[in-house]
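Student: Could you take me through the aromatic side chains of this model, with a close look at one pair and its surroundings?

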Amino acid sequence: MGIREFPSGAPRGKSIAVGMRRSPDVSPRRLSDISPQLRQLKYLVVDEAIKEDLKWSRSVEDLTSGPVGLTSIEERILRITGYYGYQPWAASCKREERPRDSPGPAEAQAPAGVETGGRASRRCWTCSRAQLKKIFWGVAVVLCVCSSWAGSTQLAKLTFRKFDAPFTLTWFATNWNFLFFPLYYVGHVCKSTEKQSLKQRYRECCRFFGDNGLTLKVFFTKAAPFGVLWTLTNYLYLHAIKKINTTDVSVLFCCNKAFVFLLSWIVLRDRFMGVRIVAAILAIAGIVMMTYADGFHSHSVIGIALVVASASMSALYKVLFKLLLGSAKFGEAALFLSILGVFNILFITCIPIILYFTKVEYWSSFDDIPWGNLCGFSVLLLTFNIVLNFGIAVTYPTLMSLGIVLSVPVNAVIDHYTSQIVFNGVRVIAIIIIGLGFLLLLLPEEWDVWLIKLLTRLKVRKKEEPAEGAADLSSGPQSKNRRARPSFAR
């Protein structure tokens, strides 16, 4: 019964299976009898099947439990090496027949492990539920942004057939901004646990403008410029709808994302990102191609210039807001937008009156005004701004931005059936290029790091799968018996 020597040229990973043969007619030896083979274990590469057995083995604390612990260590080494036909269930049955006063470490850890696993599974389930809820709200917000933006654009186009007054429509819709703060306060009363009076909430939100709150100086220096930019953005957008179709208007307005990046890079010294420079180049190329799609006619060129100017005003509004005021909470943003509505009522009202008497924007009688279209457009625009400013509370900002670019195909479908738009190859390519640039601008700043991590994980998984398959093929009925050991040891 001499012990066989390992051949020098044999692979180390399979030395256990080659060097230690089973012998059913010989009982297991003592630990001291196989010490030469144990010294060679440190040179062996442990395969996946043995690693699985090691996971089921007891901890090192068994060494402190006297002879029983030493016996269990011997048995485990014999079981792992598969030496001389060792049968683990026989020793396990013998060990179970011994009287024990207290459970061993493995049994003491079992309930804790089960409890920990239950907590982890509940935590994962809670996280998954929270993420699913956020994604569900994200889909709802995307649909709301897309429908409100596309609906307001189409309704404005329809209104101009009966009421050719884009600035008056802008003024009328901007007046509805006054409702932002009252609507916010209603939500605060319904949802907040610490309810405040309207005056208290107003004073707390006024701290956004400084220690002195909303003073006359702050009103004219920090609110009035944004009121002018807001009015210009909407007026130029609506005036462009009169000149060109709504599909071109909506897709060209998506370029404001690229303008925001360029202005932020120049003014705010934001981080330089090559992918966003590419997106800005795509946006500019799309504008040129959109102009070329209609053959550089004066009518279309003016409309495209108006939309690009509107997108530029929107970008300037966002960058200046971040530069002068920083970031605002929900209540502060609602108060600021309400102040813009107040500014519009107090200081912009004179302009529609002047345009009316100069017959630049003239209507014969107030009965001819389509009040339904005007109110519908104002409600849709108010809904769009509410969801765009406060939707971040329930979902991801990226999903909200997707609603704007998704309004382009919606407007394209509507224009296809309601107008004489021609979707030639140049126009389609321009729409795709601008949309692609918009999507590139939605990438987070650390997108390259995340992409590298994802590719690394995929490579690791591809390497692990063949290794697991080879381990399953190399482990025969012996490994299956060893993996079934916990059912016998219970």
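This is a predicted model: local features need pLDDT of at least 70, side-chain atom pairs count only at pLDDT 80 or more; totals for chains, interfaces and linings use all residues.

Tutor: Happy to! Residues are numbered from 1 along each chain as its sequence is written, and side-chain values use heavy atoms, leaving out hydrogens and water.

Rings of Phe, Tyr and Trp (its six-membered ring) pair if their centres lie within 6.5 Å; planes under 30 degrees apart are stacked, over 60 edge-to-face, and the rest tilted. The structure holds 31 such aromatic pairs. One of them is tilted: F181 and Y184, 6.0 Å centre to centre with 40° between the planes. Both residues sit in helix α8 (residues 180-191), 3 residues apart, about one turn of the helix; helices here are DSSP runs (H or I, at least four residues), numbered from the N terminus.

F226 and F321, by contrast, pair edge-to-face, at 5.9 Å centre to centre and 75° between the planes. Because F226 belongs to helix α10 (residues 216-243) and F321 to helix α14 (residues 298-324), this pair ties together parts 95 residues apart in sequence. F226 and F321 also belong to one aromatic cluster with F208, F209, W230, Y317 and F336.

Terms used:
Helices (H or I, at least four residues) and strands (E, at least two) are DSSP runs, numbered from the N terminus.
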